[in-house]
Amino acid sequence: QVQLVESGGGLVQAGGSLTLSCVASGSIRTIYTMGWYRQAPGKQRELVARITTGGSTNYADSVKGRFTISRDNAKNTAYLQMNSLKSEDTGVYYCNTVLRSLVSPLEDHWGQGTQVTVSS
């Protein structure tokens, strides 16, 4: 069993900052990627940012220069530092990980989501 626990969401004014955290735990052998996705009301879930074990990152165009994803491999934790937040950043943010568990070579797991609301 693998669990992802997210934290750090909340209500913030436009222009403000938030930091999200995601901790992976359980039957983990190797984490390949950790990422953040978001889903706004009435819209599909979209990739926000993703980071590999080696530190390679990719970002949605809409957040480049404002958001930074980082990772602590020793703690199986990923962070998303969000600056200069805009109302369009509002949504539920989900942590995702692709990993090798103790029983399977490739698994895909999702967190329960954390709400981010940016007021204008």
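Residues are numbered from 1 along each chain as its sequence is written, and side-chain values use heavy atoms, without hydrogens and water. As the model is predicted, local features need pLDDT of at least 70 and side-chain atom pairs count only at pLDDT 80 or more, whereas totals for chains, interfaces and linings use all residues.

**The aromatic pair**

- One aromatic pair is counted, where rings of Phe, Tyr and Trp (its six-membered ring) pair if their centres lie within 6.5 Å.
- The rings of Tyr 37 and Trp 110 have centres 4.9 Å apart and planes at 65 degrees, so the pair is edge-to-face (over 60 degrees; under 30 is stacked and the rest tilted).
- The pair links distant parts of the chain, as Tyr 37 lies in strand β4 (residues 28–39) and Trp 110 in strand β10 (residues 107–110), 73 residues apart; strands are DSSP runs of E with at least two residues, numbered from the N terminus.
- Trp 110 counts as partly exposed, at 37% relative accessibility.

**Arg 45 and two rings**

- Arg 45 lies over the face of Tyr 94, 3.7 Å from the ring centre; for such a placement, CZ of Arg or NZ of Lys must be within 6 Å of the ring centre and within 35 degrees of the ring normal.
- The charged end of Arg 45 also sits over the ring of Trp 110, at 4.7 Å from its centre.

- Val 48 belongs to strand β5 (residues 46–52) and is buried, with a relative accessible area of 1%.
- Beyond residues up to four places away in sequence, Val 48 touches several residues, including Trp 36, Tyr 37, Phe 67, Leu 80 and Tyr 93 (contact means heavy atoms within 4.5 Å).

**Arg 66**

- Arg 66 is found in the loop between β6 (57–59) and β7, and counts as buried at 10% relative accessibility.
- Leaving aside neighbours within four places in sequence, Arg 66 is in contact with residues including Met 82, Ser 84 and Asp 89.

Technical notes:
Helices (H or I, at least four residues) and strands (E, at least two) are DSSP runs, numbered from the N terminus. Buried means under 20% relative accessible area, exposed over 50%, partly exposed in between (1.4 Å probe, protein chains only).
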